[in-house]
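Me: I have a structure open that I have never looked at before. Can you go through it with me?
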Amino acid sequence: MKTLIVTASIMGEQGCSTHLAGRVKHHLINHGVNPLFTERDLVKDNLPHLTAPEFSSWWQEGADKELLPSQCDSDALLEELQAHDLIVLAIPTYNFGMPSQFKAWFDRILRPGISFRYTSGRPEGLLSNKPVLVLITRGGLLSDTAPDHQTSYITTLLAFIGLTDIRFIYAGGLNMGDKVKTRALAEADSQIAGYVRRIAGRDSHD
Ligand SMILES: Cc1cc2nc3c(=O)[nH]c(=O)nc-3n(C[C@H](O)[C@H](O)[C@H](O)COP(=O)(O)O)c2cc1C
């Protein structure tokens, strides 16, 4: 099972979202599905905001990609997404939303004519559907409250390009003391274990 793990914690390896992404790896390895991992850390990549020249280059035949930093290659990011069987997005909550590095990544994978198009005025996702596990970490408790903008936003972004098999796992209250944090991470870990069991079982029957 080829798994793409995308992380974006400014805390790097110390980040709780990075930790939970590591637990996905742990459970996949333990499950013996011979997993292959690609890990993309958008903070290490220093993924910049999309610019007009980069956006225009998507429509220019033979545009000179050498002029762009290599991590900005939208074609390569989309190929990477397509080449994996399971996508894991480990997304910290920063100011009620996703880190701007993640937004910069989404800005490069929602590509008109490539990952979506409009047919009879309706949007159609063009990527082949595959399971996406979204791990959300939060300092507070936002699940099922109005300020949880992430769940519906991320669902919309993924569904727009054809990825509708989405599971969210949340670890909230991470800045509410050690006891709450330890329990939240343990609960998320147990949900990850269950998800991996289901996905790995599905894979072995294919
Ligand atoms: C710049 C910044 C903004 C944050 N904004 C929020 C927020 O709006 N809501 C919240 O619940 N936690 C917020 N937090 C807390 C983080 O969500 C929490 O520390 C979480 O563990 C981040 O994931 P990470 O450990 O993988 O980086 C914020 C943290 C930072 C650094």
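Me: Is S120 buried or exposed?
Reply: S120 counts as exposed, at 73% relative accessibility. Exposed means over 50% relative accessible area, buried under 20%, and partly exposed in between, with a 1.4 Å probe and protein chains only. The model is a predicted one, where local features need pLDDT of at least 70, side-chain atom pairs count only at pLDDT 80 or more, and totals for chains, interfaces and linings use all residues. Residues are numbered from 1 along each chain as its sequence is written, and side-chain values use heavy atoms, with hydrogens and water left out.

Me: Where is S120?
Reply: S120 sits in the loop between strand 4 (116-119) and strand 5 (122-125). Strands are DSSP runs of E with at least two residues, helices are runs of H or I with at least four, and both are numbered from the N terminus.

Me: What is the phi of S120?
Reply: The phi is positive, about 50°, although S120 is not a glycine. The hairpin of strand 4 and strand 5 has 2 residues between the strands.

Me: In which sense do strand 4 and strand 5 pair?
Reply: They pair in the antiparallel sense, over 4 bridges; pairing requires that DSSP finds at least two bridges between two strands. R117 stands opposite E124 in strand 5.

Me: Which other non-glycine residue has a positive phi?
Reply: F96 has a phi near 65°. F96 lies in the loop between strand 3 (86-92) and helix 4 (100-109) and counts as partly exposed, at 48% relative accessibility.

Me: What does F96 have to do with the ligand?
Reply: A polar backbone atom of F96 is 2.8 Å from an oxygen atom of the ligand. Such a polar contact is a pair of N or O atoms within 3.5 Å; within protein, one must be able to donate a hydrogen and the other to accept it, and residues adjacent in sequence count only if both atoms are side-chain atoms. In the side chain of Y94, an N or O atom is 3.1 Å from a ligand oxygen, and for S17 a polar side-chain atom lies 2.4 Å from one.

Me: OK, new topic. Where is T3, and what is it in contact with?
Reply: T3 is in strand 1 (residues 2-7). Leaving aside neighbours within four places in sequence, T3 is in contact (heavy atoms within 4.5 Å) with L28, L36, F37, T38, H84, L86 and V88.

Me: Why does T3 count as buried?
Reply: Because its relative accessible area is 0%.
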